[in-house]
Amino acid sequence: MLRIENLRVNIGEKEILHDINLEIEEGEIHVLFGPNGSGKTTLLMTIMGFPNYRVLEGKIFLKGEDITHLPPHERAKRGIGISFQRPPTIRGLKTRKMAELANLCSDETANIDEIASNLNLEGFLDRDINYGFSGGELKRTELLQLLAQNPDLVLLDEPESGVDLENIALIGEAINCLLEKDISCKERRLRPKKSSLIISHTGYILDYVNADKGYVMCEGSIGCSGQPHELLDTIRKLGYEECIACQLQIPI
Amino acid sequence: MSTSNSHLTIKELRAKAEQAKDKKAGLGPDINLLDYSDQVEDLPLIDLTSLSTDEQKRLLLAGVDPQERNRSGTFVQMDHSIVCRQVYQEGLEVLDTEEALKKYDWVREKYWWKAVPVDADKYTSQAERKWTKGYFLRALPGVKSIYPIQACLYLSQDGIAQNVHNIIIVEEGSELHIITGCAVGSHVKSALHVGISEFYVKKGAKLTFTMIHNWEEKIEVRPRSAAIVEEGGLFLSNYICVQPVKSLQMYPKVTLEGKNAVTRLNSILLATPNSLLDVGGRAVLKAPNSRAEVMSRAIAKGGKIWARGHLIGEAPQIKAHLECQGLILGETGIIHAIPELDGRHPDVDLSHEASVGKIDQEEIEYLMARGLSEEEAIASIVRGFLDVKIEGLPPELQVHLDKALVAGEKYML
């Protein structure tokens, strides 16, 4: 689904990502751990193609196609969707309209009212997008748009941060729905499988989403990779300091 | 200073107008009135559906339906001639102001130049000295208009000045919706429109007034409007100008004279290259518990906009809010927002909010991540910026307002 080769990325004059290599197969969910400021969001924004994230070197392939120099909307049309950590407010643009616009990327017409209802967002459809929304409401509104967009590769930036306990299961369910993990195996076999790259600082989302592979990112490089729960256990026990120290000695 | 017009004889009124004939307006570029002709060909009464397709389209864009579907009445003045005047609901009156002054003595005594001073500037002066009709719309006491009345002031001959004086009276307990448009014929290169409008909203009455201006690049426009709202009355005004115009300057004033009176003034403005718009809204809250909201959304795309607002609180427990939001699209264009609050009593609540800027890149990228190209993203953001759902406006009129905005998009995007 996604292949990243030797990626180096600048923001302004500063190199943020160094030599990133990553491959996500169809149907796989990968999780990116790492301390604040390690470059996780930069990686997601670069995959989405935002112009402030300048690729110095390396390539990004989506389903075999080189998308390194495509603008974000072309990537969205080819099947990449992203949830923003801090989405902007757009006055006068209604949440429903936003979902309808996102739905234009999909071959299937989304039932936006039903999706909103599943996310406890009924009352939000006719409000200005993200205007005065709480942290949890923002996350659910991002998922609403993604469910309407129906992408093949879902990039999620800290989907659980700022969400209260009551709603974290709801977020988990919505992500599984987005990745079509909730439909029968038989049905899933008939359609292309969805993949995802999820940023998680805390790892709480792993209780709800069955991730296949994890990475630890430190100071703009991917230090190690492995079974996500094992990585999380280590991080929880020893903290990211250990990862940084370890990575500086033996980069993988 | 202009002075009160109460108890003036016709002769005295004319004398005051005469004195002000060279008095420049405080705001907006000065116009040489001699550049425009008074000599105008008279036009006969017509059936609007007999107009050319182009003219009908221009009327429709200004909110005036030549078929008169869902309308309580119609008034169309072309240049100086009334070409259509119809009323379909009992209790509503549609006259031209010349007829109204002949028919009712009290029009001159109580309403003529009573809200707008005749000697305010050379434009009010010209409207009295060279007055060329205008509409008189009235709802009798307790009458509620089912459909809006439509009124249009149309410029069809090149180089002329149209100097109209309109009077709108909504009697006690009545409700009136008006949609009014101004438009120009395709061959008109330059013209001047001076329009005096005096609104009187009586006790417990409600008036919604939606005005769509579709001018052209060489037209100069100087409306002079004022409203007086009595106890419990509501005056809601929506003004839309999203087509090119050479220069437009107006600063309508609403005086809330009775307690619990309410006004909301909304304007949506676009300035294309070489257009200059100087538009404001002023509310004077004279009675306890009166409320006012003045809102403007301005887009400068190469042109200049002065967005003014002025709230004057003179009575206890009044509440008023002013909002000016400006968006500069492209590299040139100027928006100058001037919000003013004027508290003249300790127990007032006046507030304002103003912002001017370009579209945030982050917003564009957010939409691009959902599959929209940069141009589509900007269009969606601009539509959102202008998407003002107006409380109390009949859905039929909201549709016209939305259509006018869509028609203006070709100049914005």
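**Exercise 1.** Work out which strands of chain B each supply at least two residues of the lining of the largest cavity, and describe that lining by class.

*Solution.* Begin with the strands, which are DSSP runs of at least two residues numbered from the N terminus: the contributors are E9 (206–214), E10 (219–229), E11 (234–241), E13 (253–256), E14 (262–271) and E17 (291–300) of chain B. The model is predicted, local features need pLDDT of at least 70 and side-chain atom pairs pLDDT 80 or more, while totals for chains, interfaces and linings use all residues. Residues are numbered from 1 along each chain as its sequence is written, chains are lettered from A and ligands numbered from 1 in the order written, and side-chain values use heavy atoms without hydrogens or water.

Next, take the lining residues, those with an atom within 4 Å of a cavity point, where a cavity is a set of points on a 1 Å grid over the protein atoms alone at which a 1.4 Å probe fits but cannot get out. There are 24 of them, with B:Ser237, B:Met250, B:Pro252, B:Leu265 and B:Gly280 nearest the centre.

Finally, sort them by class: 14 are nonpolar, 7 polar and 3 charged, with Asp, Glu, Lys and Arg counted as charged and Gly as polar.

**Exercise 2.** Find which strand gives the most to the lining of the second largest cavity.

*Solution.* First, list the strands of chain B that supply at least two residues each: E6 (161–170), E7 (175–184), E8 (191–201), E9 and E10. Then pick out E8(B), which gives the most, with 3 residues.

Methods. 1 Å grid on protein atoms, 1.4 Å probe; cavity = no way out; pocket = protein on both sides within 12 Å on 5 of 7 lines; lining within 4 Å. Helix = DSSP H or I, 4+ residues; strand = E, 2+ residues; numbered from the N terminus.
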